[in-house]
There are 2 protein chains.
Amino acid sequence: MAAAAPIRFFFDFVSPYAYLAWTQIGPLAARFERELEPVPVLFAALLNDNGQKGPAEIPRKKLYMMKDCLRSAARLGVPFGPPPSHPFNPLLALRVASLPMTTAARCALVDGLFKDVWGGGGRGVTAVGVVTEVAMAAGLSGLRAVEDAKSAESKERVKRQTDEALTLGMFGVPTAVVGAELFWGLDALPNLERFLDGKDTLDPEVFEHWASLPASATR
Amino acid sequence: MAAAAPIRFFFDFVSPYAYLAWTQIGPLAARFERELEPVPVLFAALLNDNGQKGPAEIPRKKLYMMKDCLRSAARLGVPFGPPPSHPFNPLLALRVASLPMTTAARCALVDGLFKDVWGGGGRGVTAVGVVTEVAMAAGLSGLRAVEDAKSAESKERVKRQTDEALTLGMFGVPTAVVGAELFWGLDALPNLERFLDGKDTLDPEVFEHWASLPASATR
């Protein structure tokens, strides 16, 4: 029998919701005995390709999002604090977190980096020193990892992962993927849980019908 | 002692998430002994003013949203089926639902209209005949209501409600408002529930700090 499909967790460190979902997805994967595979992608590139704005680029939404994140972190009992600046350039962290390594090491590294961005660590992950230190704590050779992340291959790897996200139909982070099914955002975790539990009740016929409906008004 | 602030539910019939949240907000308001006041607004005008796209205007997001709505409806045990076309022009329904009437009548009317849009009624609410019939079932004089909805005053009323939504900081529907606090989307209901339960743990200092942070990268 084939092993159950892993949960692939597409994310960018820039997203506070990705951090909040990250704190929940590990226990959820363990509960359903699924492998968890973090996949770093560049959120800004998803926004560009979908021709949309990010929440931080819409002033009213930005303020609301901050409150919602703080409330959701408190509800989940998760430590939360913003990085020194936001939005910030996440490419160094994304590239280091995408280097070839075991899944266990990658999970430890992603966890450490997220803590410094959104978990109250407060240092952010734009500084080489911080990334080096977190990589070492995750069992990597920190300096080597930061050096490797500068290679053309490392840059291409994050780009490839981002392109795959778009091919899979993604428009935002975090998105958890199981097989071909997407679950977007912290708020989709209850639906993901039902899916893993074999209780997914999406009727393909109703979906196809809805997807085929015409618009009778546009802006 | 002053009565507890009501829950004001800002919505547009065009939004399936507004329908899903509508099915949940009544029992929630009753549980916390709050008045529930539906406030019809034009979602398209919120999008315009915030310079953003709606989910139905981003192809990948549109498909995802349909699946997510079907899954969320099944999870909540709520009847769900799309209207004959989508997006559609909601103005007639919004204007009728905004006419002066008791809160109880407005709730019955909004409920009836939502059922014909997203509750599997299947007729939508763009046809005068349907709106007339639903208005009558809610205890109004149906023909008179549809006639009244055409007046300049009726048009202005929906515009005023939409302007108030923007002033309050809204960018999407549904948004539940208690006092000055916004709770956006079906997914914010757990945070709203904690807020009503006196367990809101939003630390104003952390919020102010975050809101004052600089960006170190933009697209």
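These notebook entries record what I looked up in a predicted model with chains A and B.

**Entry 1. The interface between the chains**

I began with the meeting of the two chains. I found that 63 residues of chain A contact 63 residues of chain B. The area buried between chain A and chain B comes to about 5900 Å². Carbon and sulfur atoms give 58% of that area.

I then looked up the charged pairs, and the count between chain A and chain B is 8 salt bridges. One of them joins the side chains of Arg60(A) and Asp49(B), at 3.1 Å from N to O.

Next I asked which elements of chain A supply at least two residues each to the side that touches chain B. They are α2 (43-50), α3, β4 (181-184), α9 (189-196) and α10 (204-211). Of the elements of chain A, α3(A) gives the most to that side, with 13 residues. By type, the residues of the side of chain A that touches chain B divide into 35 nonpolar, 14 polar and 14 charged.

**Entry 2. Salt bridges over all chains**

I widened the search, and the count over all chains comes to 30 salt bridges. I noted several of them individually.

In chain A, the side chains of Glu147(A) and Lys150(A) meet in a salt bridge at 3.5 Å, N to O. I recorded Glu147(A) as partly exposed, because its relative accessibility is 48%.

In chain B, Arg8(B) forms a salt bridge with Glu37(B), and the closest N and O atoms are 3.9 Å apart. This pair links distant parts of the chain, 29 residues apart: Arg8(B) belongs to strand β1 (residues 7-11) of chain B, and Glu37(B) belongs to strand β2 of chain B. I recorded Arg8(B) as partly exposed at 22% relative accessibility, and Glu37(B) as partly exposed at 29%.

I placed Asp116(B) in helix α5 (residues 103-117) of chain B. Is Asp116(B) buried or exposed? Asp116(B) has 8% relative accessibility, so I recorded this residue as buried. Leaving aside residues up to four places away in sequence, Asp116(B) touches Gly121(B), Gly122(B), Arg123(B), Gly124(B), Val125(B), Val130(B) and Val134(B).

With Arg123(B), I found that the contact includes a salt bridge between the side chains, at 2.8 Å from N to O. Arg123(B) is partly exposed, with a relative accessible area of 35%. I also noted one network, in which salt bridges that share partners join Lys67(A), Arg71(A), Glu181(B) and Asp200(B).

**Entry 3. Backbone geometry**

Most residues other than glycine have a negative phi, and most peptide bonds are trans, so I looked for exceptions.

I found a cis peptide bond between His86(A) and Pro87(A), with omega about -5°. Pro87(A) lies in the loop between α3 (59-76) and α4 (91-96) of chain A. I found another cis bond from Val173(A) to Pro174(A), with omega near -5°. Pro174(A) lies in the loop between α8 (152-167) and β3 (175-178) of chain A.

For phi, I noted Glu33(A), which has a positive value of about 50° although this residue is not a glycine. Where does Glu33(A) lie? Its place is in the loop between α1 (16-31) and β2 (36-40) of chain A. Glu33(A) is exposed, with a relative accessible area of 70%.

I then turned to chain B, where Glu33(B) has a positive phi near 55°. Glu33(B) is in the loop between α1 (16-31) and β2 (36-40) of chain B. I recorded Glu33(B) as exposed, because its relative accessibility is 73% and exposed means over 50%.

**Entry 4. A glycine in a helix**

Finally I looked up Gly26(A), which lies in helix α1 of chain A. I recorded Gly26(A) as partly exposed, with a relative accessible area of 27%. Gly26(A) and Phe9(A) are 17 residues apart in sequence, and their C-alpha atoms are 9.9 Å apart in space.

Notes
Residues are numbered from 1 along each chain as its sequence is written. Chains are lettered from A and ligands numbered from 1 in the order in which they are written. This is a predicted model: local features need pLDDT of at least 70, side-chain atom pairs count only at pLDDT 80 or more; totals for chains, interfaces and linings use all residues. Side-chain values use heavy atoms; hydrogens and water are left out. Helices (H or I, at least four residues) and strands (E, at least two) are DSSP runs, numbered from the N terminus. Buried means under 20% relative accessible area, exposed over 50%, partly exposed in between (1.4 Å probe, protein chains only). Contact means heavy atoms within 4.5 Å. Buried area is the accessible area (1.4 Å probe) that two parts lose on being put together, summed over both. A salt bridge is a side-chain nitrogen of Lys or Arg within 4 Å of a carboxyl oxygen of Asp or Glu. Ala, Val, Leu, Ile, Met, Phe, Trp, Tyr, Cys and Pro count as nonpolar, Asp, Glu, Lys and Arg as charged, and the others, Gly among them, as polar.
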